[in-house]
Amino acid sequence: LQRVCRPDGKILLLEHGRSKSYEGLSGYLDKHAERHAKNWGCVWNRDIDKIVKEAGLNMEKLDTWHFGTTYYIICKPSK
């Protein structure tokens, strides 16, 4: 996304991933992640903000809902 985004543009992400607020919920997600991914094609325990940072995007806003498992992130390209 960073490659095709204008330098003054924004990248909007709506993702679900690992909860940083509820360890019990994260444990459940970890325990069942492989089966869930096999059945539904989605990996629900990824560390979304870590992935975004490693991608080199500049996060302007990060909000979470649903016990910290739904992420809404506004990013800007780093170029």
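This is a predicted model: local features need pLDDT of at least 70, side-chain atom pairs count only at pLDDT 80 or more; totals for chains, interfaces and linings use all residues.
The protein chain has an average pLDDT of 92, and 99% of the residues reach at least 70. Among the elements of the chain, the lowest mean pLDDT (92) belongs to helix H2, residues 48–54, and the highest (96) to strand E3, residues 70–76.

Three strands are arranged as an open sheet in the order E1-E3-E2, with antiparallel pairing. Strand E1 (11–16) and strand E2 (58–65) each have a single partner strand and stand at the edges, so one side of each is left without a neighbour in the sheet. From one strand to the next, the twist averages 15°. The antiparallel strands E1 and E3 are joined by six bridges, and Ile11 stands opposite Cys75 in E3.

Six salt bridges are found in a search of the whole structure. In one of them, Asp30 is paired with Arg18, with the closest N and O atoms 2.6 Å apart; because Asp30 lies in helix H1 (residues 23–40) and Arg18 in the loop between E1 and H1, the pair ties together parts that are 12 residues apart in sequence. Asp30 is partly exposed, at a relative accessible area of 35%, and Arg18 is likewise partly exposed, at 22%.

Lys20, Asp47 and Asp49 are linked in a network of salt bridges. Between Lys20 and Asp47 the closest N and O atoms are 2.5 Å apart, and this pair links the loop between E1 and H1, which holds Lys20, to the loop between H1 and H2, which holds Asp47, 27 residues apart. The salt bridge between Asp49 and Lys20 has an N to O distance of 2.6 Å, and here Asp49 in helix H2 is linked to a residue 29 residues apart. Lys20 is partly exposed at 48% relative accessibility, as is Asp47 at 23%, whereas Asp49, at 11%, counts as buried.

Conventions
Residues are numbered from 1 along each chain as its sequence is written. Side-chain values use heavy atoms; hydrogens and water are left out. pLDDT is the predictor's confidence in each residue, from 0 to 100. Helices (H or I, at least four residues) and strands (E, at least two) are DSSP runs, numbered from the N terminus. Two strands pair if DSSP finds at least two bridges between them. Axes are lines fitted to C-alpha atoms, for helices over the stretch in contact, and angles run from 0 to 180 degrees between N-to-C directions. A salt bridge is a side-chain nitrogen of Lys or Arg within 4 Å of a carboxyl oxygen of Asp or Glu. Buried means under 20% relative accessible area, exposed over 50%, partly exposed in between (1.4 Å probe, protein chains only).
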